[in-house]
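Work through the exercises below with the model open beside you. Try each task before reading its solution.

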Amino acid sequence: MPSITFVLPDGTEKSVEADPGANLMRTALAADIASIVAECGGAAMCATCHVYVDEPYAALFPPVGEVEDEMLDSAAEGRSTASRLSCQLTMPDRNITLRIPASQQ
Amino acid sequence: MDSGAELFDQATPHGSQPPTVPVFGVDPYADDFLTDPYADYEAFRDAGPVIRLSRYNAYAVARHEQVQAVLTQPDIFCSSAGIGLTNFKKEKSWRTPSIILEADPPDHGPKRRILTRILSPAALKKLREEFERQAAFFVDRMIEKGTCDGIKDLAEAYPLKVFADAVGIPAEGREHLLPYGDLVFNAFGPINERFEKRMASAGATMEWIKTICSREALTPDGFGSQLYAAADAGDLTEDEAALLVRTMLSAGLDTTIFTLGNAVVALARHPEQWALLRDDPSLARAALEEVMRYESTFQSFYRTTTQPTELAGVRIEAEQKIWVGIASANRDPRRWEDPTRFDILRRASGNLAFGTGIHGCVGQMIARMEGEIVLRTLAERVAELVPAGPPTIHFNNTVRGFSAMPLTVTAKAS
Ligand code: HEM
Ligand code: FES
């Protein structure tokens, strides 16, 4: 099973395994990644599941969706070209790394 | 009321079904069901992951896992055939269907994007201060009265002021908004006596709604005018802008009113939970989330299968209506510990009261903001919040709420 490495705001890392196709926001919640809030439960309405996906991992995901694009402007910590809403992403079939922003609200 | 299930009989007209789907004959829109639906929901959940409601010839999912699965596969379980019992592919709708709520991809996304922008957390920040001021006004008025109605004086009065102002609706005629919302949510159920009665008296209301959804009727800076600005930018047609104003009014007002009412009733009935909130007003947002889980306003709606599919091992044909029991999912012990307990300290997020997936409520951040502000203001200003009589239930086919909650309130010592 492939794994996700979460790089937490303080620089520490936490790895968890995830089935390909699993929702990344739900996987992060199940792994107790405290800075993923996900208040809207995956409806792309709250921007509190914001993560940074850097290369080479970014290319494993489809491009930012039209609604996701709108909502990323509400992210508490600055939006960058690596910004994604983890609720809109599913696990690819290999290992990935996600950087977690320091603030979500 | 509790109703046992029979097992599906191969000899019925739906003979192609596997015989293991439990069948319920109960009417989930009958008064006695709606008065306390929770025992029936439990029976639905315990019978199996997918059941049938024979009276309406529909499948039903009542467990959290299957409700979530249905809502996150919009290509298989679609909304464009209507999220009520009426199948728009076969029968005519009572009104032009909503172009967002009752649309599928790829039509859905562009409309959703525009509402997302208008109702995003960043956009709502500008409204917060005024919303707080208004909450203080209504709560102080309740305290002055001493004996008041938690529904009329707060749950109805507050969104009728702040939400209708935010959309940009004229102050005149707002009394039409409640019967309109009531009609819309009745219409997601069967064409029963309850719906017919509302429809029969709806003439003037429908006229008024049409008028105020027009460009000229709206204040210049509200959500409504922002929709017309999107039309000017070429992102919507003029007619689509009008329909989206209508959607905001029908989807955004009754729901919030009933949710605030359910919060007041739940807190008045659970003095120990009220005491927790009063002693720590910062619990307001979490308390609202638990109200939504415990007494979900929008109880159920439908999806329609676009193709033959399998759900939790049950084969379902194409073009089948599926009752989606979000209120039941929110009390599923497979997902929630001690689900019948109202506990504002629990982690209630992840509940499905706003739906989830691509149609998950686009107004949920403003609804949460209204709810949080009202509960925080109550907690900051009110000491005692005590029932002065039993609440009166409001019967509607798909939303759950109350029309009266007599209260005695006293001021917190400042
Ligand atoms: C506590 C109050 C509210 C509750 C309980 C609620 C509930 C819901 C639910 C369950 C859905 C999903 C329906 C489905 O999946 O078919 C939904 C969708 C929707 N809600 Fe809300 N709602 C509330 C407040 C609001 C407000 C304030 C607005 C408008 C500002 C609004 C506008 C909408 C719209 C436009 C949709 C359709 C979204 C789409 O199809 O993409 N709602 N709501
Ligand atoms: S969980 Fe709310 S935007 Fe992703």
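**Exercise 1.** Is Arg341(B) buried, partly exposed or exposed?

*Solution.* Start with the ground rules. This is a predicted model: local features need pLDDT of at least 70, side-chain atom pairs count only at pLDDT 80 or more, and totals for chains, interfaces and linings use all residues. Residues are numbered from 1 along each chain as its sequence is written, chains are lettered from A and ligands numbered from 1 in the order in which they are written, and side-chain values use heavy atoms, leaving out hydrogens and water.

Next, the cut-offs: buried means under 20% relative accessible area, exposed over 50%, partly exposed in between (1.4 Å probe, protein chains only). Arg341(B) has a relative accessible area of 38%, so it is partly exposed. Now take its partner. Asp343(B) forms a salt bridge with Arg341(B), with the closest N and O atoms 3.6 Å apart. A salt bridge here is a side-chain nitrogen of Lys or Arg within 4 Å of a carboxyl oxygen of Asp or Glu. Asp343(B), at 15%, counts as buried.

**Exercise 2.** Which parts of chain B does the salt bridge between Arg194(B) and Asp31(B) tie together?

*Solution.* First the distance: the closest N and O atoms of Arg194(B) and Asp31(B) are 2.5 Å apart. Then the location. Arg194(B) sits in helix α9 (residues 193-200) and Asp31(B) in helix α1 (residues 31-35), so the pair ties together parts 163 residues apart in sequence. Helices are DSSP runs (H or I, at least four residues) and strands likewise (E, at least two), numbered from the N terminus. Arg194(B) is buried at 11%. Asp31(B) is partly exposed at 41%.

**Exercise 3.** How far apart are the closest N and O atoms of Arg400(B) and Glu295(B)?

*Solution.* They are 2.9 Å apart, in a salt bridge. Arg400(B) lies in the loop between β12 (392-394) and β13 (401-404), and Glu295(B) in the loop between α15 (284-294) and β7 (301-305), so the pair ties together parts 105 residues apart in sequence. Arg400(B) is buried, with a relative accessible area of 8%. Glu295(B) is buried at 8% relative accessibility.

**Exercise 4.** Which side chain of opposite charge is nearest to Asp254(B)?

*Solution.* The nearest side chain of opposite charge is Arg198(B), 8.6 Å away. Asp254(B) is buried yet has no salt bridge. Check the contacts (heavy atoms within 4.5 Å). Beyond four places in sequence, Asp254(B) touches residues including Leu177(B), Leu178(B) and Phe185(B).

Key. Lys, Arg positive; Asp, Glu negative; His and termini not counted.
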